[in-house]
Amino acid sequence: MNVQVLADHKLSSVAPFKPYNNVEKKEVELILVKEQNGVQYTSSSIVPPPRISYPTGSSEEVDRETWGKKIDFLLSVIGFAVDLANVWRFPYLCYKNGGGAFLIPYVLFLVIAGMPLFYMELALGQYNREGAATVWKICPIFKGVGYTVIIIALYVGFYYNVIIAWSLYYLLSSFTHELPWLKCGNAWNSVNCTDPKVFNVSFLTNGTKYSKDKNTPAAEYYERGVLHVHESHGIHDLGLPRWQLTLCLVVVVIILYFSLWKGVKTSGKVVYITATMPYVVLLVLLIRGITLPGAMDGIKAYLHIDFKQLNNATVWIDAATQIFYSLGAGFGVLIAFASYNKFNNNCYRDALLTSTVNCVTSFFSGFAIFSVLGYMAKKHNVNIEEVATEGAGLVFIIYPEAISTLPGSTFWAIVFFIMLLTLGIDSSMGGMEAVITGLTDDFKIFKRNRKLFTFVTAFGTFLVALLCITKGGIYVLTLLDTYAAGTSILFGVLIEAIGVSWFYGVDRFSEDIERMMGFKPGLYWRLCWKFVSPAFLLFVVIASIVNSTELKYDDYIFPSWANLIGWGIALSSMLFVPIYAIYKFLSVRGTCRERIAYCITPEHEHHLVAEGNIRQFKDDCASELLRDPLPRMGMRAGEKPLEDLFHSKETGSSC
């Protein structure tokens with residue numbers, strides 16, 4: 001056995017090598033052995049296939065938990081990607097931006113950017129078997145972006161769980177003979193509450209859109225009965241948390257905790273319900289919706305084609321941002337989920353399948369939504385545009401109002417809010433799993449105490465979420481929704497794409513994928529990763545900044561200090577990128593050139609930096625390094641102890 005002492009270096013993982021040129025059905029496997037004295041030895045052996053095996057690394061990597069079944073992973077990814085935005089945002093965007101014509105930029109951005117980014121994150125997590133932070137052992141200087149996406153996922157949990165709590169509150173309120181938002185005359189109603197069944201709609205709205213009218217029973221139930229926003233004068237006047245919503249929030253956090261405390265073995269089973277239930281409910285709601293009078297008018301409005309809208313830059317910006325947020329790239333969730341896959345799982349097929357399912361779900365949900373909006377328009381004798389809206393106004397005011405007028409309204413309300421609850425739960429599970437996996441992989445003390453750490457994470461999100469269920473909580477939620485995962489998440493994914501494609505290298509990344517699945521990504525994917533996806537993300541980042549407006553909720557305009565707090569929240573996550581890069585550069589030893597080399601070189605090749613044999617700094621040998629498979633394993637042809645074994649006519653190198 002040839003032995004070489006590797007001083008001051010820990011080789012974290014070495015992938016199998018598939019020789020070229022007539023070396024048939026043999027693979028070279030580098031086996032790392034760490035003796036009790038801490039000295040590492042490298043031994044080489046010729047082993048017969050398997051064609052693909054796990055990267056050799058620490059015992060913790062070898063013993064890493066995996067999904068119980070492949071379907072657990074697929075449902076978890078679909079459950080995370082398919083969230084409330086698929087129901088409350090896409091249908092309205094499609095209607096507003098040219099109907100069927102909107103699908104042109106939407107599908108275009110899906111193909112050239114959405115799917116490539118989705119594929120990249122799945123492959124990145126699966127190959128390295130690490131969370132969003134430690135996955136950057138491939139290019140240490142970018143580890144800060146891992147912390148960025150983890151912090152963003154944590155911030156989103158602060159307010160996203162509140163929306164789930166609202167859904168639970170509505171669900172519990174639906175178990176009555178008469179839905180509470182059907183009529184005026186309740187304790188929460190104002191003297192201005194007017195029933196649209198009694199008065200003419202044009203009289204009620206006074207020239208404003210019906211969907212924006214604040215005096216309908218459904219609108220007053222949401223704002224006065226649930227949120228109690230009328231008792232607050234603004235973000236400076238929050239008050240105490242409402243006990244009803246606090247109890248709902250406690251239930252949501254308990255569900256999340258017990259879904260995640262044992263890892264993917266438990267969460268992978270929960271999604272059997274939370275990921276499939278929305279599809280069953282959407283189908284039931286669609287069947288009921290198309291039987292309503294006016295439903296076809298609503299669907300026609302949803303699908304109408306107006307190609308002139310494509311001349312509007314806003315349409316393209318909406319399509320780009322929607323495809324990005326809809327697929328959920330950049331939150332660290334896809335990396336975390338994929339890290340629990342088997343090494344040779346076909347993540348390429350998974351990426352195509354799950355991203356397609358997500359977008360088809362968005363399109364399909366529009367039929368269920370607009371069939372009911374068409375019914376609402378006909379019932380009130382107004383145009384579709386009067387009742388069409390997005391966001392919380394759609395799912396907590398307009399749609400519930402429509403349901404309340406149907407025979408068997410209690411049943412339909414229960415079904416609808418179960419859908420919202422399950423849509424939110426599995427997406428929130430994904431975000432929290434990204435935080436837990438990302439930090440437990442980085443800090444082993446958290447991994448050894450996963451149950452306790454999961455509890456602390458869940459309880460921490462609960463404490464901050466209490467701010468969002470006060471009488472002025474809607475203002476805090478709006479602030480977090482705008483700044484916590486707005487420009488910051490776009491920035492994070494842009495840096496992630498640059499780090500993988502330009503610093504780690506598309507060629508090296510493609511080789512990693514080949515080791516897992518036996519084939520390299522095609523030219524199309526490599527071009528998208530290196531040029532198209534970064535350009536797309538840069539476009540979305542610039543568009544989000546240019547189109548940013550003053551922060552407001554309905555007619556309430558936030559004070560300037562609130563905007564400063566918002567940007568502080570955004571910067572608190574983004575600053576991890578430059579701060580960690582500076583820390584990493586200063587923490588390594590050597591000349592400036594050597595420090596840069598250590599920072600941009602995968603950790604398992606750091607010994608090559610000391611030897612001056614680093615790929616990025618060897619321009620004269622670049623083409624040879626791409627041909628010679630040995631550097632993929634962190635070794636150079638001609639380097640002891642492998643020279644005698646491999647420096648032959650078949651595998652020799654003159655570089």
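Cys94 has 1% relative accessibility, so it counts as buried. Buried here means under 20% relative accessible area, exposed means over 50%, and partly exposed lies in between, with a 1.4 Å probe and protein chains only. The model is predicted: local features need pLDDT of at least 70, side-chain atom pairs count only at pLDDT 80 or more, and totals for chains, interfaces and linings use all residues. Residues are numbered from 1 along each chain as its sequence is written, and side-chain values use heavy atoms, leaving out hydrogens and water.

Cys347 is buried, at 0% relative accessibility. How many disulfides does a search of the whole structure find? It finds 1. A disulfide is a pair of cysteine sulfur atoms within 2.5 Å. The partners are Cys184 and Cys193, with sulfur atoms 2.0 Å apart. The torsion about their S-S bond is about -80°, so this disulfide is left-handed. Cys184 is partly exposed, at 26% relative accessibility. Cys193 is buried, at 11%.

Now turn to a helix pair. Helices are DSSP runs of H or I with at least four residues, strands are runs of E with at least two, and both are numbered from the N terminus. Helix H2 (residues 70–81) packs with helix H15 (residues 347–380) at an angle of about 40°, the axes 9 Å apart. That makes H2 oblique to H15. Angles under 35 degrees count as roughly parallel, over 145 as roughly antiparallel, 65 to 115 as roughly perpendicular, and the rest as oblique. Axes are lines fitted to C-alpha atoms, for helices over the stretch in contact, and angles run from 0 to 180 degrees between N-to-C directions.

Which residues make the contact (heavy atoms within 4.5 Å)? H2 supplies Lys70, Phe73, Leu74, Val77, Ile78 and Ala81. H15 supplies Arg349, Asp350, Leu353, Thr354, Val357 and Asn358. These residues divide into 7 nonpolar, 2 polar and 3 charged. Nonpolar covers Ala, Val, Leu, Ile, Met, Phe, Trp, Tyr, Cys and Pro; charged covers Asp, Glu, Lys and Arg; the others, Gly among them, are polar.

Two loop residues remain. Arg129 sits in the loop between helix H5 (103–128) and helix H6 (143–173). Its phi is near 55°, a positive value in a residue other than glycine. Is Arg129 buried or exposed? Arg129 is buried, with a relative accessible area of 4%. His228 lies in the loop between helix H8 (217–226) and helix H9 (243–260). Phi of His228 is positive, near 60°. His228 is buried, with a relative accessible area of 19%.

How values were computed:
Contact = heavy atoms within 4.5 Å.
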